[in-house]
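Visitor: I have a model open and would like to talk through it. Can we start with how some of the helices pack?

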Amino acid sequence: MRNSGKLRWTLKGPLALGLVLLLGGCVKNASQDTLKAHGSIARLQNSLFIPVFWIAVGVFVLVGGLVGVCIVKFRARSEDEAPRQIHGHTKAEIAWTIMPAILLASIAIPTVKFVFDLNKFPKNAITVNVVGHRWWWQMDYTKPDDVNQTDFTTATEMHIPVKQQVIVTLTSVDVIHNFWVPELAGKLYAIPGRHNKLVIEADTPGTYYGQCAEYCGTSHSNMRLRVIADTPDQYAAWVTAQEAPAAQPVVSTSPDTTTTTPGVTAAPTEASLAATGANVFKSAGCAGCHAISGISDGVVGPNLTHFKSRSVFAGAIFQNDDNNLRLWLANPPAQKPGSVMPNLHLTSDQINQLIAYLDTLR
Amino acid sequence: MAIVLEPPPSTTAPDADKHAGTPAGTPFLRRPHSSEGFWSWVTTVDHKRLGIMYTATGFAFFLLGGIEALLIRLQLARPNGHILSANQYNQVFTMHGTTMVFLVIMPVSVGFANYLVPLQIGARDVAFPRLNAFSYWLFLFGGIFLYSSFLFGGAPNGGWFGYAPNTSIPGYLPGRGSDFWVFGLLLLGIASTAGAVNIVVTTLNMRAPGMTLLKMPIFSWMSLIAQFLTVFAMPVITVALFLVMFDRNFGANFFNPAAGGDPVLWQNLFWLFGHPEVYILILPAMGMVSEVLPVFARKPLFGYPVMVFSGIAIGFMGWGVWIHHMFAVGLGPVAVSAFSVSTMFIAVPTGVKIFNWIGTLWGGSLRLTTPMLFAIGFIVMFTIGGLSGVTHSLSPSDRQQTDTYYVVAHFHYVLFGGSMFGIFGAIYYWFPKAFGRMLNEKLGKIHFWLTFIGFNLTFGPMHILGLQGMPRRIYTYDKSLHLGFWNMVSTVGAFIIMVSLLVCIYNIFVVTPRSPRVSADPWDARTLEWSIPSPPPEYNFAEIPTVHSLDDYWHRKYTEDDEGRLVRLPNYEAVRASSDTNVAAPGQHIHMPSPSYFPIVCSFGLVVAAYGMIMGHTNGANYLVSVVGILITIGGLYAWGLEPSAEPPEEHDGEHGGENAPPQPAHLGASGGTMALDAPSTAALPPGETHEGGTES
Amino acid sequence: MATTTTPEVLDESPGENPAEHGMSPVTNTGVSNEKLAMWSFLGSECLLFGALISTYFLYRGRSLTGPTPKNIYDIPYTSISSFVLLMSSLTMVLALAAIQRGDHRRLRLWLTATALLGTVFIGGQVYEFTSFIHEGLTMRTNLFGSSFFVLTGFHGVHVTLGIMMLLSLVLMSARGRLPQSKVQVVEIIGLYWHFVDVVWIVIFTVVYLIPSPVAHSTRPLQIR
C-alpha cells in the first residue's frame, strides 16, 4: 500500500509534466481541425461545444479532486480503524441529483435552440446536390433560378463563394456516406433514398479538407474531398468555366487523324495524342462510366468534363498530375483498394494518349 | 430462429417417470457422471464452473480482441501505414468491436453473474442449470463460429454496427464476412437471451429467506437490471439481423433503397438494441465496483437504495436515448432535440452513482489493494467517459464529434476505463473466492498502474485526434492531416496495456498457483459468498442462510456503536473461522443437478444450422445442412426434456413426480432407471433440498 | 415482491426441478421458476414481434411496385382462419381446466383439438402464401412482400412450434406421463399458445384490417 502511494506520485509528476510538454510543443496544424472554425456553422457548433467542454473539465476536476482527497485523507493508517458507518445522506443525495439536473437543463436550452437554428436554410442560396459514391463525391451544381435542374457536375473538389451560405443536399447512390468538412460545418449523412440538407459557409478564401465520415466499405479512408472558398469574382469565373462544354479534341481539324483511325504513327503532337486519347476514352470502356459533355454520359464514375480544373482526383487522394494519372490508369485497384474502376489493362501508349486527352479537359 | 429454438423453459424439468425406465439405457447418450476431468467440464451444469468457463473464455477472446487492437494501433501509428491492407484492416476493426462487446464484456459480466449471483443470494445453483450450460456452449461456439470466418474467405468487415445497405446488399463488402457476422450474432443472441432469462428468474425467485430485494447485494441488483435489458434488447437486434439475413440470403428488400427500403430502419433497430446494450455492458461493472469500494473503505455503500434506484432509472432511460447515435442521420429537429435532452438527463442517475461512490470512500479507512485501485480507477475513468458522453448529447456540436476518434475515446473510457477496470477489479477481488488463492498483490499493482498509464496514453489522445478531424474506421490517414504524433502516442500506450496484460497473465498462471491458500474471507468482506469456503463446495451452502439485513455477513462480524463507529462483535474471529468450515456434515447428502450432454448437443446443432445457412448462400441445396442442425437441436431438446435435471436416489418413489415435466414424447422415455444407478453420490435432488434430501437418500 | 421468510419454504424452491413432493414449488415471487421464465421469454417475444410489426407498419404503402395488399388480400378467408386460431385459445383453456379436474381423457381431447385448430390455421397460411406467390407476390417482389412474408412467417413458425409442444403433451398424457401434479406444464404451454394467439390478433389488425396508405410514394418517407 505504501509502495503504491509512492508509485502513484512518482509516476504522476513526470506524467503530468510530459503531457504539458506534449500539449505545448507538438500539436501541429491539423488540416481538418474541428476547433478551428472557418465558417458560421462550424462556429455555431463550437460555441456550444467549447463552453460545455470546459464545464465538463470543471466537473472532472471536482470529481477527481474529491477522489484524490479521499485517497490522501482517508487512507487506512492501521488495520483496525473503525470509521463511522455512514449509510447515506438523503439531503446530500438529493443535492447531487438536483444540481447536475439543473446544470444539464441549462445546457439543454441552448442545445435545443441550436438544433432549430441548424435547421434554418437560407432562401435563394446556391444549392449543390452532393451525391456519395463508393468512394468519391459527386457535386451537381443547380441552376441559380431552378434548384431542380443541374447546371453542371463536378466531383471531389467543390467551389463555394466566400462569406455566403451554400446549401448542400446529400444523397447516395450506394451505401451510406457522411459529408464532413470540419472547418466549415459538422457532418451529415448521405443516405440512398433520402435527401438531407446542410448549410456550409466559409469566412475566408482557401482550401478546406473534408472526408467521408461514415464507414462505407473498403476504401472509406480514401473518400476525401476539398471545398475551395473563392472570392465572388473567382467563383463566378469558375462557374462560367464549368458551365462551358468540354474541350473538343482537335481531330476534326486535323486531316490525317480522324476519329475512325486511331492508330496514328506520325510523330504525335500533344494535340494528336489528345485526339487519339479521346478515341481511347470512347473505345476502351471509359465512356461507359464517365461523362464528358458532348462525348459520353456515364454516371458510374466522376464527370470528367473539366477534369483538369481539379487539383486532385480519385477521392482527393492523389494530386492531379501526369505521374499519378499514369499509375492510376495502369491499375486503379492497386492505387485505391476496392476501387470500382477496374484495371482496363491499357497499354502505356493508350495511357499516354488518355493523359494527353484528359489534359485538355480544363 | 433466435427465439423459437430456445428450449421452452418447461422442458427442463425432471421426468416424473424415470423410475419406470428399464436398464435398456439412454436413447442418445449415457448420462455423464464424473466430477473431474475433461468430460466433467464439458457436461457440467454447476453455475460456478460455468461462471469460470464464461470468464476464462471471455478472457481468451479479450486477448484475441487485444491482438486486433494492437494491429489497429500498429497500422495507424504513422500516416499511410502498410501493416494491413484496407480490407484486412476493416476485418480487424470489425472483429475488434464485435469481439469486445459480444465475446468479452457481455460474457464476462454474465460469467461473474453466473458465479456470484447464486452465492450472493444464498442459492445452490441457478434456476435452470442445464439452460445455463447451453448458454455457455452456444456462446463459445458462436465465438468460434465468428472467428472461423477468417478461414472461410474473410472475417466480417462491415463494422460492429453493420450499417445497411453496406452489409445487407451482397457485393458491397468483399467476402462472406457479413454472413458470418449475422449468424454469429444471432447465435450469441440466443445464448445471451437464454442466459439472461436464467439469471433473471434465479435472482427474482431463489433468494435466501429474508433477503428482500432491498437486502440483495448491489452486484446482484445491477446484474439483474443488465439481464433484464438483455432479455428485452436482444430480440430487437435479432429482428434486425433476420431482416439483413432475408435481404442477403433470400433477396428481400428491407434495406434495399432501389425498392424503397430505408437503411435508417436498420440504424433505428440496431441502436434501439445498441443503447440498452451499452448499459448491459456497464451496469454489471458498476455493481462490481459497488461491492469492492465498501469492503476496502470499511464503510457501507453510500445510499444503497439510491444506487439501486439509479440503476433501475438507467435501465429504463437507456431505452429512450438511442437517437444520439444518429445525430448526423438528418432526422427532424424535434426528434433530435428530444433525444438530446433525454441523453443529457440519463447523466443524472449516472452522476448520482459517481457521487455516491465518493460518498462511500469519504470518511472511510481505505485499503488500496489491487481491486480497490481498479475500482477507484473506474470512478475516475468512467467519469471522463460520462462527461464526454454529455458533450455528445449536444446534438448540434455532436455533428462535429460523432464518427470521429472523439467518440472512440469516449466509449473506450466507458467500456475499458469503466467496464474493463471494473472487471479487472472484480477478478482480483473474487479470485480468492473462486480458486482459494490470492492473486499476487505486488504484480496486481504493477498491472493496475501499467493499465492505468497505458490506457490513458492510448485513449486520452484520441479525444484530441477526434477534435482534430480524424474520422473513425479509417485504415489510413494522410500526412497532410498532421495526425501522426498523437496516433504514435496512442500506439505506444496500447503496447503498455499489452505489457500490463502480460503481467496479469504471469500473475494468474505462474505466480498465483504457487502462493499459499487463503481463508474463506480474506478481505474481511460483507456479502454471503464470503461466508462459505474458498473455493465454495459444489452445493455452495451446507445450510441455506437466513438473511436479516443488507450485507448480512458483515453484520455477523460487526456492529456500530452509538456514534456509528464500526465495532467488532465478540464472535468476529469465530464467524470468520466458521466460514472455512461451512460445509455439509459427513453423511449429509445435498443433491445437486446432474451433468448433462444435451446442452452442448443442442448448441452444437444450432452452430451446424448457422454454417448451413452460410453455405446455402452459395448453393441452395446446402440449406439441408441447416435442417440437419435444427434436427440435432430438436433431438437434443427432447432428450434434454426426458432427462431429469437431477438424478434421483435409487429408491426414489416415482409417484412423486416433478411438477413441470416437459412436453416430451413418451417413446423416448425409458431412460431414467439406469441413469439413477449412474448417479453421482451427491446427485439426486435439486439444489435447495438439504436435510430433507439427505433423509430421502 | 413477496419474500418468503422461512427456510423450510424456500428449501422447496430448487432449481429447474421443483421439489418432488407433488406440491407446487414456492419461490420468492410465488411464481414458479418455469412460469417466470416463460413470462420473461414472452416479454422478450413481445419486443421481437414489436420490432417485426413496426417494420411492417413503417413500410406500409411504400412499395415501389405492386402487388399491393389491396390487390391481394382475401380478408374473409383470413378472418376465418384467424377465428380458427382464436378458437384454439378456448380449447386450450378447456384443456387446462380438464387437467385441473384430473380428467385426462378430456385433457387429451382438448389438447388435440387445440393442435388441430392450430394446424388448420397453419394450413390456411400455407395456402395463402402459395396463392400470393401465384399472384406474383414473393419476398423479392417489393417491400410489402418482404415485410409481409417475414412477419407472418415468423408467427407461423411460432404456431408450428406450439403445435409440436401440444402434440408432445398429448403423447405424454397418453403414456400416463402427465399426471395431474404436472398441471403447470399445460399451463405454461398454454401461456405460450395464448401469447401466439394474441400476437396474431395484433398482426391481423395491423396487416389486414388497417388499410394501407394508398399513395405509393416514389421516395422513402423523410422525417423533416
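**Helix packing and the chain contact**

Guide: This is a predicted model. In chain B, the axes of helix H6 (residues 218-250) and helix H8 (residues 304-317) come within 10 Å and cross at roughly 10°.

Visitor: Roughly parallel or roughly antiparallel, then?

Guide: H6(B) is roughly parallel to H8(B), because angles under 35 degrees count as roughly parallel.

Visitor: Which residues meet there?

Guide: From H6(B) they are Ile218(B), Trp221(B), Met222(B), Ile225(B) and Leu229(B). On the H8(B) side they meet Tyr304(B), Met307(B), Val308(B), Gly311(B), Ile312(B) and Gly315(B).

Visitor: And by class, how many are nonpolar, polar and charged?

Guide: The contact of H6(B) with H8(B) has 9 nonpolar residues, 2 polar ones and no charged ones.

Visitor: OK, on to the two chains. How many residues does each bring to the contact?

Guide: Chain A brings 96 residues and chain B brings 104 residues.

Visitor: What area do chain A and chain B bury between them?

Guide: About 9,000 Å², with 67% of it on carbon and sulfur atoms. Within chain A, the residues that lose the most area to chain B are Gln85(A), Trp96(A) and Tyr215(A). Together these three account for 9% of what that side buries.

Visitor: What about polar contacts across the interface of chain A and chain B, how many residue pairs?

Guide: There are 35 residue pairs in polar contact, counting pairs with both residues at pLDDT 80 or more.

Visitor: Which element of chain A gives the most to the side that touches chain B?

Guide: That is H2(A), with 16 residues. Other elements that each supply at least two residues include helix H1 (2-25), helix H3 (90-118) and strand E6 (177-181) of chain A. By class, the side of chain A that touches chain B divides into 58 nonpolar, 23 polar and 15 charged residues.

Visitor: How many salt bridges between chain A and chain B?

Guide: The count is 2. Glu214(A) forms a salt bridge with Arg473(B), with the closest N and O atoms 3.1 Å apart.

Visitor: And how many over all chains?

Guide: The count over all chains comes to 23 salt bridges. One of these pairs Arg43(A) with Asp203(A), where the closest N and O atoms are 2.5 Å apart.

Visitor: Where in chain A do Arg43(A) and Asp203(A) sit?

Guide: Arg43(A) is in helix H2 of chain A, and Asp203(A) is in the loop between E8 and E9 of chain A. The pair links distant parts of the chain, 160 residues apart.

Conventions:
Residues are numbered from 1 along each chain as its sequence is written. Chains are lettered from A and ligands numbered from 1 in the order in which they are written. This is a predicted model: local features need pLDDT of at least 70, side-chain atom pairs count only at pLDDT 80 or more; totals for chains, interfaces and linings use all residues. Side-chain values use heavy atoms; hydrogens and water are left out. Contact means heavy atoms within 4.5 Å. Buried area is the accessible area (1.4 Å probe) that two parts lose on being put together, summed over both. A salt bridge is a side-chain nitrogen of Lys or Arg within 4 Å of a carboxyl oxygen of Asp or Glu. A polar contact is a pair of N or O atoms within 3.5 Å; within protein, one must be able to donate a hydrogen and the other to accept it, and residues adjacent in sequence count only if both atoms are side-chain atoms. Helices (H or I, at least four residues) and strands (E, at least two) are DSSP runs, numbered from the N terminus. Ala, Val, Leu, Ile, Met, Phe, Trp, Tyr, Cys and Pro count as nonpolar, Asp, Glu, Lys and Arg as charged, and the others, Gly among them, as polar. Axes are lines fitted to C-alpha atoms, for helices over the stretch in contact, and angles run from 0 to 180 degrees between N-to-C directions. Angles under 35 degrees count as roughly parallel, over 145 as roughly antiparallel, 65 to 115 as roughly perpendicular and the rest as oblique.
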